[in-house]
Amino acid sequence: MGLEIVIKDIQEGARAEVSRIKTEGDAKASEITNEAKEVQKKMLGDSLAKVEEDLQKLHQQVISSANLEVKRITLNKRKELLDKVYSQTVESIKSMPASKQEELLKHIINKNEASGARIYSNKESEGTVRKLSSLTYAGNIDCIGGVVLENEDGTVRLDFTYDSILKNVYERSLKQISDILYG
């Protein structure tokens, strides 16, 4: 019977060792599982934070893009309106009564005639300019009104056409016009 006791002791020792190893294994597996769950939670949290950050950036880009588009549309509409005002001003100048045209030409010529030797005007104003000026009439130019004065050798030209006067006034007053129209 001594052998059976030894075998029994060995088996009990082996069972105890198996039980201990199994308990340690279960504890180690539980620890590894818990660590994996923590890593998974951290990765999920990091991924969610990254997605939220990306979403916030995308949201900001969309808002910025929309704001730029609104500004572009607004500026285009303002430009259209200013161009319309400019065109209406040109039409008003073209349809000015002959007496007013003559009065303006007389003022320009009297004030600047001494600066030139030749004078140009549009075809419609030729007769009036010839009547008002003692300078040599040099021909017609394409403009809505006014005159161009030129010195004897043609090196200096003074542009008093309504086109250039309107353009200069328009460019100088563009900010003021915009402020008046758009507040």
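Among contacts in the protein between residues at least 6 apart in sequence, 46% join residues at least 24 apart. The model is predicted. Its secondary structure amounts to 4 helices and 4 strands, and from the N terminus the elements follow the order α-α-β-α-β-β-β-α. The radius of gyration is 47 Å, well over the 16 Å that the globule rule gives for 183 residues, so the protein is more spread out than a compact globule.

The overall values of the protein are collected below.

| Property | Value |
|---|---|
| C-alpha span along the principal axes | about 155 × 35 × 20 Å |
| Part of the 183 residues counted as buried | 23% |

Helix H1 covers residues 2-94. At 1.5 Å a residue, its 93 residues should span 138 Å, and the end C-alpha atoms lie 135 Å apart, which agrees. The buried residues of H1 are Leu 82, Val 90 and Ile 93; buried here denotes a relative accessible area under 20%.

Ile 7 also belongs to helix H1. With a relative accessible area of 43%, Ile 7 is partly exposed, because that value falls between the cut-offs of 20% and 50%. Together with Leu 3, Val 6 and Ile 10, Ile 7 makes a nonpolar surface patch of about 390 Å². An α-helix has 3.6 residues a turn, so residues three or four places apart point the same way.

Conventions. Residues numbered from 1 in each chain as written. Predicted model: local features only at pLDDT ≥ 70, side-chain atom pairs only at ≥ 80, totals over all residues. Heavy atoms only, no water. Helix = DSSP H or I, 4+ residues; strand = E, 2+ residues; numbered from the N terminus. Expected span 1.5 Å × (residues − 1). Buried < 20%, exposed > 50% of the residue type's maximum accessible area, 1.4 Å probe, protein only. Patch = residues over 30% accessible without salt bridge, like charges linked within 9 Å, V, L, I, M, F, W, Y side chains within 5 Å. Areas by Shrake-Rupley, 256 points an atom, 1.4 Å probe, with all protein chains shown as cover. Salt bridge = Lys/Arg side-chain N within 4 Å of Asp/Glu carboxyl O. Rg over C-alpha atoms; globule rule 2.2 N^0.38 Å. Contact = heavy atoms within 4.5 Å.
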